[in-house]
Amino acid sequence: VIRFHDTLSKKNLSLIRRLQSSGISTEIESYSQQDAQEKQLTYRPNGVDPAFMLSLNTSIRTSLYRFYGAASDKHAEINDRVCSLSELNRELLRLYPTISPWIHYKVITLSNTYIPYPEFARLSSQCEIYLDLARIRPSEGFSYRTVEALFLNRKIITNRSCLKSEPFYHPDRVFILGEDSLCRLKSFLESDIPPLPKKILELYDSSLWWTDKDPLLIPIKANIQD
């Protein structure tokens, strides 16, 4: 199995063509739904280990959201992340004038300022909302923030319209910046959401990947037979 956790480059595409023509039995996966469809690969979005996520679950909230990430690349095909954050924060401050201490975001510019994943996952679990912003192009696969939110049953604010095609999508669970009206933000934030069904969560359960319980096992076998 070869899994691409990034949008496909020319080098990646060359490797895929060589593998496909070599006769070697290889399953090629992409976390980008668009890349998988266009290149006839297996689409497997990001996933997390539910046991790890549940170990982080807490009733403590230290932030409405926390976003530490790099700014959009200068060649990005989407609006800069900073612009999306600014738009969101302006509306939050209008709705809740005293919310500033509960909004934590930082644009990372130096690699030595990155936080190890387990620590960042712990900090994120203390937020009421998970924020997931595309960095370069809409065809990116969604980040770990989205699936972390699913297993902790938290709402998601994003600019990734591709989430509309995911089984977990519901407008009460996912607010899409640039598409959903900001007039709906207050009701989105203040409503409750039910937990997702087990069958949907299993699609993003990385502990099942490449085992006999893999939710993609049947489609993969069908593709090999075809």
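An open sheet of 3 strands runs in the order 1-2-3, and its pairing is parallel. Two strands count as paired if DSSP finds at least two bridges between them. Strand 1 (2-4) and strand 3 stand at the edges with a single partner strand each, so one side of each has no neighbour in the sheet. Strands themselves are DSSP runs of E, at least two residues long; helices are runs of H or I, at least four residues long; both are numbered from the N terminus. In general, the strands of a sheet pair through backbone hydrogen bonds, either parallel or antiparallel.

A word on the model. It is predicted: local features need pLDDT of at least 70, side-chain atom pairs count only at pLDDT 80 or more, and totals for chains, interfaces and linings use all residues. Residues are numbered from 1 along each chain as its sequence is written, and side-chain values use heavy atoms, with hydrogens and water left out.

Now look at the pairing in this sheet. Strand 1 and strand 2 (residues 28-30) run parallel and are joined by 3 bridges. Take Arg-3: its bridge partner in strand 2 is Glu-29. Helix 1 (residues 10-22) lies across strand 1 and strand 2. Helix 1 runs at about 155° to strand 1. Such angles run from 0 to 180 degrees between N-to-C directions, with axes fitted as lines to C-alpha atoms, for helices over the stretch in contact.

Follow the chain past strand 3 (42-43). Asn-46 sits in the loop between strand 3 and helix 3 (50-56). Is Asn-46 buried or exposed? Asn-46 counts as buried because its relative accessibility is 1%. The cut-offs are under 20% relative accessible area for buried and over 50% for exposed, with partly exposed in between (1.4 Å probe, protein chains only).

What does the side chain of Asn-46 meet? A polar contact of 3.1 Å joins it to the side chain of Arg-3. A polar contact is a pair of N or O atoms within 3.5 Å; within protein, one must be able to donate a hydrogen and the other to accept it, and residues adjacent in sequence count only if both atoms are side-chain atoms. A polar atom of the Asn-46 side chain also lies 2.7 Å from the backbone oxygen of Phe-142. Leaving out residues up to four places away in sequence, Asn-46 touches several others, including His-5, Tyr-31, Tyr-144 and Trp-209. Contact here means heavy atoms within 4.5 Å.

A second open sheet has 3 strands in the order 6-7-8, again with parallel pairing. Strand 6 and strand 8 (174-176) are at its edges, each with a single partner strand, so one side of each is left without a neighbour in the sheet. From one strand to the next, the twist averages 20°. Strand 7 (residues 155-158) pairs with strand 8 in the parallel sense over 3 bridges. Within that pair, Thr-158 has Ile-176 of strand 8 as its bridge partner. Helix 6 (residues 144-151) packs on this sheet and touches strand 6 and strand 7. Its direction makes about 160° with that of strand 6.

Leu-131 belongs to strand 6 (residues 129-132). Leu-131 is buried, with a relative accessible area of 3%. Beyond its neighbours within four places in sequence, its contacts include Tyr-65, Leu-88, Arg-145 and Ile-157.

Finally, step back to the whole protein. It has 9 helices and 8 strands. Of its 226 residues, 45% are buried.
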